[in-house]
Amino acid sequence: MSNSSSLNEFLLLAFADTWELQLLHFSLFLGIYLAALLGNGLIIIAVAYDHHLHTPMYFFLLNLSLLDLGTISTTVPKSMANSLMDTRAISYSGCAAQVFLLFFLLGGEYSLLTIMSYDRYVAICRPLHYGTIMDSRACVKMAAAAWGSGFLYSALHTANTFSIPLCQGNTVDQFFCEVPQILKLSCSDSYLREIGLLVVSGCLVFGCFIFIVLSYVQIFTAVLRIPSEQGRHKAFSMCIPHLAVVSLFLSTDMFAYLKPPSISSPAVDLVVTVLYAVVPPAVNPLIYSMRSKELKDALRKVISWTLFSSGDIAIALHK
């Protein structure tokens, strides 16, 4: 293949060679995907319909759940379909769509996690000004900025990646179209443009990371000054879920892209990619629901309402 214009499809990495193991892969991914759909879907419904959760913290959590749903839906369904149909192929346009959506959603999620750390900082360090600073208009603008930054970040990377000539075959050593794996197919030094763009992106990510760290240093300093144990417990309960989600997001991403070449292998790369692209969207709803009494109560109401409505429908159909 002389260049990327002659490519009609890419071949993704297969999890297994035998039908039994492919079926196992399908079953595992289906379980994780359904858990992510259920967890994030319940959070979206609970926040949308329970007026007690109409606060900035839960508004941002709703946006995070939407981004998580999009992230896991970008990669997992195609991988499951390939396992069932015993194929590795993905079209050129499908590959470009995966790259665009993944950068869009992950970029938006990281921006949103940074905004959520600012929200926690204002709530704990400047509580008297919280209603003024984090009013509904400001929250909408911040959320729009997170989605918009993800879109811009994605458009730049996708356009740059797929303008690079590819002549090293069409086999992508990953279960979805990942930019570092696509760059390995490049046949010219033009891939250095994308490497440069990734470095610039890394600097921006590091800047956001420093902002999050500084925010939490001030948050924990303020929390430790709270005289009552109950007040400290409540403040920590507000922050720990977000800090856990940020830690999971950053640790898996950083290990995936900054791990030493000496420990890199197809098996290790595959496991690490599953950890950063598949596991967090399924785990994040559990992390948030475990520490928030308000969210737990809202989720119970949603589940009870769902079961009650299903029972009514079943009775009506029986009659």
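The following legends describe close-up views of a predicted model.

**Figure 1. Overall fold of the predicted chain.** The secondary structure consists of eleven helices and two strands. Along the sequence these elements follow the order β-α-α-β-α-α-α-α-α-α-α-α-α. The chain has 319 residues, of which 45% are buried. Of the contacts between residues at least 6 apart in sequence, 76% join residues at least 24 apart.

**Figure 2. The nonpolar cores.** The largest nonpolar core contains 65 residues, and those with the most contacts inside it are F60, L64, V278 and L295. Helix α3 (residues 92-125) supplies the largest share of this core, with 13 residues. A second, separate core comprises 17 residues, including F10, A96, V99 and L166. In soluble globular proteins, nonpolar side chains tend to be buried together.

**Figure 3. Surroundings of F60.** F60 is among the residues with the most contacts inside the largest nonpolar core. Neighbours within four places in sequence are left aside here; beyond them, F60 is in contact with L112, I115, M116, D119, M134, C139, M142 and A143. F60 also belongs to the group of α2 residues that make the contact with α5, a packing arrangement shown in the next view.

**Figure 4. Packing of helices α2 and α5.** Two packed helices are described by the angle between their axes and the distance between the axes. The axes of α2 (residues 56-85) and α5 come within 11 Å and cross at roughly 20°. Angles under 35 degrees count as roughly parallel, and α2 is therefore roughly parallel to α5. The crossing of α2 past α5 is right-handed. On the α2 side the contact is made by P56, F59, F60, N63, L66 and L67.

**Figure 5. The disulfide between C95 and C177.** A disulfide is a covalent bond between the sulfur atoms of two cysteines. The model has one disulfide, which joins C95 to C177 with an S to S distance of 2.0 Å. The link of C95 and C177 is left-handed, with -125° about the S-S bond. C95 lies in helix α3, whereas C177 lies in the loop between α5 (136-161) and α6 (179-183), so the pair ties together parts that are 82 residues apart in sequence.

**Figure 6. Surroundings of T273.** T273 is located in helix α9 (residues 266-277). With a relative accessibility of 3%, T273 counts as buried. Apart from its neighbours within four places in sequence, T273 is in contact with Q174, F175, F176, E178 and V278. Of these partners, V278 is also one of the residues with the most contacts inside the largest nonpolar core.

Figure 7. Most residues other than glycine have a negative phi. D86 has a positive phi of about 55° although it is not a glycine. This residue, D86, is placed in the loop between α2 and β2 (89-91). Exposed residues are those over 50% relative accessible area, so D86, at 55% relative accessibility, counts as exposed.

Terms used. Residues numbered from 1 in each chain as written. Predicted model: local features only at pLDDT ≥ 70, side-chain atom pairs only at ≥ 80, totals over all residues. Heavy atoms only, no water. Core = buried A, V, L, I, M, F, W, Y, C linked by side-chain atoms within 4.5 Å. Buried < 20%, exposed > 50% of the residue type's maximum accessible area, 1.4 Å probe, protein only. Helix = DSSP H or I, 4+ residues; strand = E, 2+ residues; numbered from the N terminus. Contact = heavy atoms within 4.5 Å. Disulfide = S-S within 2.5 Å. Axes fitted to C-alpha atoms, helices over the stretch in contact; angles between N-to-C directions. Parallel < 35°, antiparallel > 145°, perpendicular 65-115°, else oblique. Left-handed = near helix turned anticlockwise from the far one by under 90°.
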